[in-house]
Amino acid sequence: MAKPPRKTPAAKKSPAAKKSAPARKSSTPSKPVAKTTGGLKTPIYKATKAELMDFYEQMLLIRRFEEKAGQLYGLGLIGGFCHLYIGQEAVVTGLQSAIEPGKDSVITGYRDHGHMLACGIDPKIVMAELTGRASGISKGKGGSMHMFSVDHGFYGGHGIVGAQVSLGTGLAFAHKYKEDGGVCLAYFGDGASNQGQVYESFNMAELWQLPVVFVIENNQYAMGTSVNRSSAEDQLYRRGESFRIPGMQVDGMDVLAVRGAVEEALKDVRGGGGPVLMELKTYRYRGHSMSDPAKYRSREEVQNIREKSDPIERLKAMLMKQGVAEDELKILDKKVRKTVADAADFAEESPEPELAELYTDVLVEQY
Amino acid sequence: MTDKPAEIMFAQACNMAMAKAMADDPKVIIMGEDIADEQGGGVFKVTLGLSEKFGTDRVRSTPISEQAIVGAAVGSAMVGYKPVAEIMLMNFITVAMDQIVNHAAKLRFMSGGQTTVPLTIRTTTGAGTGLGGQHSDMLEAWLAHVPGLKVVAASNPADAYGLLYSSIMDPNPVIFIENTPGYFVKGPAPAPDHVVPLGKASVPREGTDVTLIGYGSSISRCHAAADKLAEDGISCEIVDLRTIAPYDEETVLKSVAKTKAAVVVHEAVRNFGVGAEISSRIHEELFSELKAPVGRVGSGYAPVPFSPAIEKAWMFSQEDIEREVHKILG
Ligand SMILES: Cc1ncc(C[n+]2csc(CCOP(=O)(O)OP(=O)(O)O)c2C)c(N)n1
Ligand SMILES: [Mg+2]
């Protein structure tokens with residue numbers, strides 16, 4: 001076997017500052033001087049108690065929703081591939097809390113249920129899509145991996161790994177062209193970061209200074225392949241360097257770190273600075289999809305992360321330290337459970353699509 | 001005492017064919033996403049055990065980089081290796097279409113015969129289990145339309161074994177299409193030296209009234225329909241193409257010249273499908289002898305829907321075959 005590839009050591013506290021690429025002079029003076037990975041800060045967000053409670057509720061909703069989806073899958077009510085977001089809740093909660101609904105746009109891969117909930121989409125119609133019902137958000141035609149809500153600026157839900165990065169670049173192009181002030185959050189995985197089109201998009205986005213935040217949800221695995229087995233540069237926040245896209249590596253298990261970092265990123269992007277790359281270090285607790293025997297990692301590894309870094313438990317501990325009564329959190333939990341139970345009931349009771357629906361929406365006009 | 005012949009699953013047959021090819025020829029190497037044992041031996045376990053047996057130098061898990069996988073396979077094939085590139089699902093082949101269509105298929109021709117590309121791309125697909133629009137497509141017609149490629153689809157484990165071995169040893173680029181829902185279907189185990197030549201169809205059922213022409217996942221439904229139609233007194237002959245491109249026209253025309261009626265059956269969308277080409281050729285050659293125009297059965301002209309209720313409506317079925325036969329025979 002060849003010798004192992006060179007590795008960059010993991011970033012410490014302030015990855016950006018320490019890992020900055022050597023400052024380079026721009027060869028074309030008209031082009032803004034490249035921002036290095038060191039250009040941005042990653043402060044911890046100072047949340048009010050109400051905000052903390054909101055974060056907690058949001059993360060809990062995603063977790064309980066996903067647990068329920070897992071149960072319905074086990075009962076045979078959901079078919080196909082179903083990818084759960086459990087463990088990664090702080091990423092989408094922190095990021096989505098910072099954007100402006102109605103102005104910004106969001107796009108992601110197939111692990112999309114959490115993103116939809118964090119966009120404020122009704123859990124009922126998300127769950128009904130999972131069960132393939134007519135009342136589902138894509139009328140039952142898309143399924144778990146392919147969901148959209150144009151009303152919420154949510155452009156999917158995509159099953160081809162990495163493709164959403166190019167599509168997101170297009171959304172950002174439109175924001176800039178229309179001058180609507182919007183930013184696109186384009187989410188993708190550590191595995192997706194090895195697709196060629198991601199880098200074509202990076203180059204174009206920087207070249208055209210597009211308002212996009214490239215969000216790598218580094219949950220350490222792409223199906224059965226761990227990130228360091230697939231990636232020559234496994235410090236993924238550096239992947240934009242040769243395109244002069246500043247990168248930041250953030251603790252994706254800490255909602256306040258996520259929120260703090262994305263605010264800095266958004267400030268930069270909204271200020272016309274072009275794209276920013278965020279790497280959120282996170283972890284998926286469940287298998288890649290529902291049918292994953294997970295032989296590529298140990299139970300202890302998963303257990304260890306759950307015990308030490310669970311984003312929900314972490315926030316709960318913080319809330320309790322700030323004097324929030326356990327009862328208050330219990331009430332919240334009850335409320336969330338009810339929302340999820342109602343969504344599941346709705347998803348089970350809704351009718352299936354009419355057969356004629358097969359030939360609607362194929363083209364704009366009917367054929 | 002009943003001596004039941006040994007049976008194996010389709011997925012196992014593919015695994016055994018690769019193992020034999022690797023043992024027979026050190027130039028055979030395999031690459032693809034998650035295919036080594038540490039990553040699970042492939043999502044559908046088709047390569048399970050191969051990295052342990054032949055080492056991770058020869059059985060390589062790759063990053064999720066289809067274009068680079070196929071490109072690297074084409075490059076190494078050009079200098080004499082026999083790479084088997086696994087593309088996890090057929091829809092992901094779209095990402096590598098440039099390497100397949102512009103390079104693998106044309107290098108020999110454009111170099112005036114100086115180069116050959118003994119490459120095999122294994123991939124799998126198939127609707128019916130709710131994988132939705134981006135994970136279920138049958139794209140064989142796209143590939144069959146490209147001169148310079150061979151396209152193969154087996155309908156049973158023994159054929160899969162014999163055809164995959166031939167594909168790997170073939171000096172041309174071959175796309176070997178497996179059927180995901182069919183991976184667990186069992187059939188008689190082949191002898192270790194069983195080889196099925198490319199470009200040769202089989203006739204697994206003889207009949208006199210109509211020829212059903214199919215390949216891959218459509219063959220089991222053709223058999224079921226033929227059983228049903230026999231009850232109505234209609235005798236079906238079945239031609240299993242095995243190689244879609246270039247296909248065994250001789251066997252097809254011989255059968256249809258006998259039955260004087262034909263229905264082409266595939267899971268791929270009916271419009272612009274392989275069935276259109278075959279039907280057209282039959283008309284060109286046997287028009288005046290036919291009892292009726294050639295029939296075609298395929299799936300609906302829509303993306304594969306997620307919801308099981310409408311996915312079933314999208315998918316071609318045994319009943320569609322029966323209906324089409326009744327329609328053309330009047
Ligand atoms: C182009 C393409 N290749 C392969 C796949 C199969 N596949 C689906 S998800 C996945 C792993 C992706 O991992 P990552 O990007 O890290 O996202 P995660 O699942 O961890 O959220 C693979 C290989 C695909 N859907 N599309
Ligand atoms: Mg991942």
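Let's start with the open sheet in chain B. Seven strands, in the order β3-β2-β4-β5-β7-β6-β12, with mixed pairing. Its edge strands are β3 (59-62) and β12 (243-245) of chain B, and each of these pairs on one side only. Neighbouring strands are turned by 25° against each other on average, direction ignored.

Some ground rules. This is a predicted model: local features need pLDDT of at least 70, side-chain atom pairs count only at pLDDT 80 or more, and totals for chains, interfaces and linings use all residues. Residues are numbered from 1 along each chain as its sequence is written, while chains are lettered from A and ligands numbered from 1 in the order in which they are written.

Now the terms for the sheet. Helices (H or I, at least four residues) and strands (E, at least two) are DSSP runs, numbered from the N terminus. Two strands pair if DSSP finds at least two bridges between them. Axes are lines fitted to C-alpha atoms, for helices over the stretch in contact, and angles run from 0 to 180 degrees between N-to-C directions.

Take β2 (residues 28-33) and β4 (residues 82-87) of chain B. They run parallel, joined by five bridges. B:Val28 stands opposite B:Lys82 in β4(B). Helix α7 (residues 157-169) of chain B packs on the sheet. This helix touches β2, β4, β5 (120-125), β6 (150-153) and β7 (174-179) of chain B. Contact here means C-beta atoms, placed from the backbone, within 7 Å. The direction of α7(B) makes about 155° with that of β7(B).

Next, β7(B) itself. What joins β5(B) to β7(B)? Six bridges, and the two strands run parallel. B:Thr120 has B:Val174 as its bridge partner in β7(B). Four bridges join β6(B) to β7(B), also in parallel. There, B:Val151 stands opposite B:Ile175. From β6(B) the chain crosses through α7(B) to β7(B), and this β-α-β crossover is right-handed. That is, with the strands pointing away from the viewer, the path from the first strand over the helix to the second runs clockwise.

Is β7(B) enclosed or open? Six of its six residues are buried, so β7(B) is largely enclosed by the rest of the structure. Buried means 20 or more other C-beta atoms within 10 Å of a residue's own; 12 or fewer is exposed, in between is partly exposed, and C-beta atoms are placed from the backbone. In a regular strand the side chains alternate between the two faces of the sheet. Both faces of β7(B) are covered. B:Val174, B:Phe176 and B:Glu178 are buried on one side, B:Ile175, B:Ile177 and B:Asn179 on the other.

On to β13 (residues 262-269) of chain B. Eight of its eight residues are buried. Strand β10 (residues 210-214) of chain B pairs with β13(B) in the parallel sense over three bridges. B:Leu212 has B:Val263 as its partner. Four bridges join β13(B) to β14(B), again parallel, and B:Val269 partners B:Ser299. Between β13(B) and β14(B) the chain passes through helix α10 (residues 274-286) of chain B, in a right-handed β-α-β crossover.

A cis peptide bond joins B:Ala245 and B:Pro246, with omega about -10°. B:Pro246 is in the loop between β12 and α9 (249-259) of chain B. Two residues have a positive phi without being glycine. B:Asp34, at about 60°, is buried, with 24 C-beta neighbours inside 10 Å. B:Lys260, at about 65°, is partly exposed, with 15.

Now the chain contacts. 31 residues of chain B are in contact with 34 residues of chain A. Helix α11 (residues 308-314) of chain B gives the largest share of the chain B side, five residues. By class, that side has 14 nonpolar, 14 polar and three charged residues. Ala, Val, Leu, Ile, Met, Phe, Trp, Tyr, Cys and Pro count as nonpolar, Asp, Glu, Lys and Arg as charged, and the others, Gly among them, as polar.

Look at B:Ser307, in the loop between β14 (295-299) and α11 of chain B. It is buried, with 29 other C-beta atoms within 10 Å. B:Ser307 touches residues of chain A, including A:Gly132, A:Lys141 and A:Glu352.

Last, ligand 1. Which residues are closest to ligand 1? A:Val161, A:Gly189, A:Gly191, A:Ala192 and A:Ala222, out of 19 that surround it. Near means a C-beta atom, placed from the backbone, within 6 Å. The shell has ten nonpolar, five polar and four charged residues. Residues from chains A and B surround ligand 1, so the site is shared between chains.

Methods
Contact = placed C-beta atoms within 7 Å. Lists of a residue's contacts leave out its neighbours within four places in sequence.
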